[in-house]
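Grab a pencil and have a go at the exercises below. Try each task yourself before you read its solution.

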Amino acid sequence: MHTTFGPIALLGSGETSLAGGRVFETIARRLSAPLKIAILETPAGFELNSRQVAERVADFLSVRLQNYQPQIDIVPARKRNTAFSPDDLGVLQPLLAANLFFMGAGSPTYAVRQLNGSLAWDILRARHRMGAALVFASAATLAAGARVLPVYEVYKVGEEVTCPVGLDLFADYGLALSCVPHWNNSDGGADVDTSRCFIGLERFQSWCGMHPPGYTILGLDEHTGIIFDFAAGTFSIHGISSVTILRECRGEILPAGNDYPVSELGAVRCPEKPEQGIPEDIWDLVQTAQGKPEAPTPPEVVLNLLEERWQARASRNWKRADEIRDGIAVLGWRVIDTGDGQRVEKT
């Protein structure tokens with residue numbers, strides 16, 4: 001079992017572009033076969049087409065990484081307290097075996113609400129400590145940072161700029177790092193400033209000033225990515241443009257095509273032990289899973305029925321809930337009700 005920190009890649013945009021494909025291939029070359037990819041729907045879990053959003057990435061990777069014969073699972077960990085919960089181990093089974101995790105488009109603040117302290121996030125962090133790679137793009141790049149730029153709320157709804165806490169992935173390595181994709185976006189043309197992830201320079205400066213002292217902000221240009229290798233203490237920049245590092249809101253531009261020490265981003269402190277900061281039961285779960293055959297993943301039809309049953313039980317329609325349970329049984333799955341909700345296992 002690997003106990004070396006896996007690579008972490010952040011994309012400014014374009015996970016299905018030429019530049020994004022090259023980042024994925026760079027990551028794939030570093031991983032041991034077989035390549036098992038888990039795509040989480042979570043950032044777009046509030047959207048009715050979250051499955052299709054994930055499938056577009058899956059289709060791209062199945063072609064782009066075909067030389068690596070990837071096994072790709074879409075993980076519908078969409079919303080807490082539903083049948084598609086990021087706290088439901090049945091939904092999350094593919095995470096236990098995956099060695100490359102991807103999350104992308106959606107809402108960063110929604111992703112934080114669903115993942116912060118969740119079983120999914122703890123498994124993801126544990127697997128990364130065992131050598132699995134993490135690749136985040138767009139909303140997931142924002143969510144992974146110490147503080148989140150609430151793009152939907154500011155750009156789409158017109159709320160005031162705030163600086164909420166993010167998933168703070170890099171705190172595991174001693175870094176207070178916030179991440180902003182779409183840094184150089186120009187969709188607004190000459191009329192509207194859509195840089196700084198669509199909110200424009202003026203509002204970005206307001207957000208930047210809300211950070212406590214000691215924070216670093218990482219701005220990623222579109223079609224540009226950064227790959228961290230904490231085991232080696234370096235990061236590399238890939239793609240067609242550059243990455244901007246801001247300290248106290250003063251920026252330094254680092255062009256693509258170069259390697260840099262991670263210390264450029266702050267004082268790095270890697271965990272002394274791989275399991276440090278991971279809940280003990282989660283670490284044991286993930287460790288144990290590495291030596292066990294993979295549990296079967298419920299098909300989409302079963303997960304949809306499970307969601308319908310949850311809604312029936314919530315409205316106290318016990319007859320309908322029992323009918324759905326029996327329908328799930330016909331498909332070869334048994335429903336188990338627990339204090340934390342419901343799950344299914346193969347019969």
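**Exercise 1. Work out whether Asp172 is buried or exposed, and find what its side chain pairs with.**

Step 1. Start with the surface: the relative accessible area of Asp172 is 18%. Buried means under 20%, exposed means over 50%, and partly exposed is in between (1.4 Å probe, protein chains only). So Asp172 counts as buried.

Before going on, bear in mind that this is a predicted model, where local features need pLDDT of at least 70, side-chain atom pairs count only at pLDDT 80 or more, and totals for chains, interfaces and linings use all residues. Residues are numbered from 1 along each chain as its sequence is written, and side-chain values use heavy atoms, with hydrogens and water left out.

Step 2. Place Asp172 in the fold: it sits in the loop between helix 7 (151-157) and strand 6 (177-180). Helices (H or I, at least four residues) and strands (E, at least two) are DSSP runs, numbered from the N terminus.

Step 3. Look for polar contacts, meaning pairs of N or O atoms within 3.5 Å; within protein, one must be able to donate a hydrogen and the other to accept it, and residues adjacent in sequence count only if both atoms are side-chain atoms. The Asp172 side chain has one with the side chain of Arg125 at 3.0 Å, and another with that of Arg129 at 3.2 Å.

Step 4. List the contacts (heavy atoms within 4.5 Å). Skipping residues up to four places away in sequence, Asp172 touches Arg125, Arg129, Arg269 and Pro271.

**Exercise 2. Is Ala144 buried or exposed, and which residues does it touch?**

Step 1. Find Ala144 in the loop between helix 6 (139-143) and helix 7.

Step 2. Its relative accessibility is 1%, so Ala144 is buried.

Step 3. Leave out neighbours within four places in sequence, and Ala144 is in contact with Phe136, Leu167, Asp168, Leu169 and Phe170.

Step 4. Now compare sequence and space for Ala144 and Val243: they are 99 residues apart in sequence, and their C-alpha atoms are 17 Å apart.

**Exercise 3. How many salt bridges does the whole structure have, and which residues form a network of them?**

Step 1. Side chains of opposite charge can pair when their charged atoms come close.

Step 2. Searching the whole structure turns up 17 salt bridges.

Step 3. Glu55 is partly exposed at 30%, and Arg51 is partly exposed at 23%.

Step 4. For the network, link up Glu41, Arg51, Glu55 and Arg78.

**Exercise 4. Which residues make the contact between helix 1 and helix 2?**

Step 1. Check the axes, which are lines fitted to C-alpha atoms, for helices over the stretch in contact, with angles running from 0 to 180 degrees between N-to-C directions. Those of helix 1 (residues 18-30) and helix 2 come within 11 Å and cross at roughly 65 degrees.

Step 2. Pick out the residues: helix 1 brings Gly21, Arg22, Phe24 and Glu25, while helix 2 brings Phe60, Leu61 and Arg64.

Methods:
A salt bridge is a side-chain nitrogen of Lys or Arg within 4 Å of a carboxyl oxygen of Asp or Glu.
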